[in-house]
Amino acid sequence: MNEDNIIICRCEDVTLKDIRNLIQQGFTTIEEIKRLSRIGMGPCQGKTCGLLIAKEIAEITGISIEKIELQNIRPPYGGVTFEEIIAGDEVEK
Amino acid sequence: MKLKNKASVVVIGGGVVGNSVAYNLAKRGVKDIVLVERSFLASGATGRCGAGVRQQWGTRQNCLLARESMRVFENFKDTLNVDVDIELKQKGYLLLAYSDNELGLFKRNIEVQNSLDIPSKLVTPQEAKDIVPDLNIDKLVGGAFCPTDGHANPFKVTYGYSKAAVNLGVEINKFTEVKKIKTEKGKIIGVQTNRGFIETSKVVDAAGGWSQQIAKMVNVELPVYSERHEILVTESVKPILDPMLMSFSYNIYCQQTPDGSFIMGYGPENEPPGFNTHSSWQFLETMSKKATWLLPPLNKIRILRQWAGLYNISPDKQPIVSKIKDVENFYVACGFSGHGFMIAPAIGVLMADIITESEFTYDVILDIERYKRGEVISEPSVV
């Protein structure tokens with residue numbers, strides 16, 4: 001299958017080709033690839049694509065996959081609406 | 001890859017300022033420039049900022065630097081000769097006033113801005129509502145609007161500068177941490193990193209939230225401190241908010257980026273100086289209350305991620321772009337007080353002027369000695 005047609009990050013529509021291009025340009029950490037391609041910035045926060053990208057980095061750079069750091073996990077961990085956060089509180093200016 | 005072991009200038013810090021300085025120096029023909037960054041590019045304050053670019057400032061200097069930088073953002077690819085889309089969105093900044101006093105400040109600021117051809121103007125609450133139909137205008141006295149302000153992607157801008165710098169021969173070393181700046185008889189002789197020693201006589205400290213610690217390596221005490229500012233981002237939704245919304249008294253900024261997500265923050269109260277960049281639930285709760293009061297449709301939108309970065313704050317909330325008298329060839333670009341990203345293009349030019357001992361491109365006074373001379377005009381418009 002054409003790497004152009006393989007979606008790695010389905011939240012942000014990032015293809016395998018996009019990822020490989022960035023790694024080949026020297027962006028060999030997930031944190032850098034995230035910031036340049038938006039992988040991991042969508043609703044799943046990288047829970048789907050993170051490991052797939054780690055595997056690509058490992059294959060291209062030769063670094064073993066155990067040594068590749070996954071992205072920082074940031075709160076609130078899953079999507080939470082504003083109204084859920086403030087439910088029950090009086091809102092005043 | 002091995003580091004160069006000799007450089008004409010070492011720039012410490014791979015944020016937008018460090019990269020802009022390196023690029024502008026290379027453009028003047030300076031050879032053998034090496035930039036070092038302890039993590040990845042834009043990993044500090046640059047990549048953690050609110051991604052706003054505004055020209056509506058209160059001091060003439062900040063207005064001028066912001067206007068000149070906007071011209072670079074507007075012509076980024078041509079100016080830097082790189083094919084990087086910085087996702088510029090010029091849908092304005094709408095500043096909200098909740099008292100006559102605050103509106104008076106806006107009026108005075110607009111006079112300064114207009115004198116520099118920045119197209120800002122006062123708006124009534126109804127005009128504010130016309131610009132942002134979902135805005136809650138309860139208690140609103142008026143506002144200020146500049147249609148050419150807006151958004152740019154901080155990662156892409158930094159990446160663009162670094163790419164342009166590399167094209168001009170700059171060596172950029174990521175994941176390279178400065179351990180020591182070696183001096184001999186008051187003169188810099190080199191920079192010791194975790195990846196080797198770089199012989200150099202000139203060092204630029206563009207280390208953002210850690211600039212005061214880099215300066216300590218040459219026994220210089222900078223009059224700046226770092227302070228955590230938190231921020232959050234939502235899922236992407238259809239566009240409902242054109243401009244950046246901002247209020248100093250209600251203490252908030254909030255914009256919808258070109259990808260559809262909302263990004264927002266507010267200035268902390270009683271935050272101790274330091275290097276903490278952890279997120280807090282208190283921020284999440286207060287931010288949620290503030291934002292949904294101002295823009296009620298946010299209620300149903302999901303928050304995806306929160307983080308924090310460091311403001312590097314100077315006594316007058318204006319940057320320090322300066323040589324240091326006591327240590328020959330040590331230069332600092334720090335103290336950006338939360339607005340380094342949007343003026344970084346101009347700061348790079350200014351630092352290149354200082355290092356190459358050229359006439360200043362802009363009529364500004366940002367040297368560190370201004371505090372001793374007492375020539376301090378504080379910037380009133382900071383969140």
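Two strands pair if DSSP finds at least two bridges between them. Strands (E, at least two residues) and helices (H or I, at least four) are DSSP runs, numbered from the N terminus. The model is predicted: local features need pLDDT of at least 70, side-chain atom pairs count only at pLDDT 80 or more, and totals for chains, interfaces and linings use all residues. Residues are numbered from 1 along each chain as its sequence is written, while chains are lettered from A and ligands numbered from 1 in the order in which they are written.

**View 1. Strands E1 and E2 of chain B pair in the parallel sense.** Four bridges link E1(B) to strand E2 (residues 33-36) of chain B. Val10(B) has Val34(B) of E2(B) as its bridge partner. Strand E1 (residues 9-12) sends Val9(B) and Val11(B) one way, and Val10(B) and Ile12(B) the other way. All are buried; a buried residue has 20 or more other C-beta atoms within 10 Å of its own, an exposed one 12 or fewer, and a partly exposed one falls in between, with C-beta atoms placed from the backbone.

**View 2. Helices H1 and H2 of chain A cross at roughly 120 degrees.** H1(A) covers residues 16-24 and H2(A) residues 30-37, and their axes come within 10 Å. Axes are lines fitted to C-alpha atoms, for helices over the stretch in contact, and angles run from 0 to 180 degrees between N-to-C directions. The two helices are therefore oblique to each other; angles under 35 degrees count as roughly parallel, over 145 as roughly antiparallel, 65 to 115 as roughly perpendicular and the rest as oblique. The crossing is right-handed. A crossing has that hand if the near helix is turned clockwise from the far one by less than a right angle, and is left-handed if anticlockwise. H1(A) contributes Asp18(A), Ile19(A) and Leu22(A) to the contact, and H2(A) contributes Ile33(A), Leu36(A) and Ser37(A). Residues are in contact if their C-beta atoms, placed from the backbone, lie within 7 Å.

**View 3. Helix H2 of chain A is mostly covered.** Seven of the eight residues of H2(A) are buried. They are Ile30(A), Glu32(A), Ile33(A), Lys34(A), Arg35(A), Leu36(A) and Ser37(A). In chain A, these buried residues pack against strand E2 (14-15), H1 and helix H3 (50-61). In chain B, they pack against helix H2 (45-48) and H7. Arg38(A) follows H2(A) and has a positive phi, near 75 degrees.

**View 4. Chain A meets chain B.** Here 21 residues of chain A are in contact with 27 residues of chain B. On the chain A side, the elements that give two or more residues are H2, strand E3 (80-81) and helix H4 (82-86). That side has nine nonpolar, four polar and eight charged residues. Ala, Val, Leu, Ile, Met, Phe, Trp, Tyr, Cys and Pro count as nonpolar, Asp, Glu, Lys and Arg as charged, and the others, Gly among them, as polar. E3(A) runs antiparallel to strand E17 (residues 302-313) of chain B, joined by two bridges. Thr81(A) has Arg302(B) of E17(B) as its bridge partner.

**View 5. Helices H1 and H7 of chain B pack at an angle of about 25 degrees.** The axes of H1(B) (residues 16-27) and H7(B) (residues 154-167) are 8 Å apart. The helices are therefore roughly parallel to each other. Their crossing is left-handed. Contact residues of H1(B) include Tyr23(B) and Ala26(B), and those of H7(B) include Val157(B) and Tyr161(B). By class, the contact has nine nonpolar, four polar and no charged residues.

**View 6. Three strands of chain B form an open sheet.** The order is E9-E10-E11, with antiparallel pairing. Strand E9 (178-184) and strand E11 (196-199) stand at the edges, each with a single partner strand, so one side of each is left without a neighbour in the sheet. The twist averages 25 degrees from one strand to the next. Four bridges join E10(B) and E11(B), and Val191(B) has Ile198(B) of E11(B) as its bridge partner. Thr193(B) lies in E10(B) (residues 187-193). Thr193(B) counts as buried, with 21 C-beta neighbours inside 10 Å.

**View 7. Loop residues with backbone features.** The peptide bond from Pro75(A) to Pro76(A) is cis, with omega near 5 degrees. Pro76(A) sits in the loop between H3 and E3 of chain A. Asp32(B) is not a glycine, yet has a positive phi of about 55 degrees. Asp32(B) is partly exposed, with 15 other C-beta atoms within 10 Å.

Terms used: Contact = placed C-beta atoms within 7 Å.
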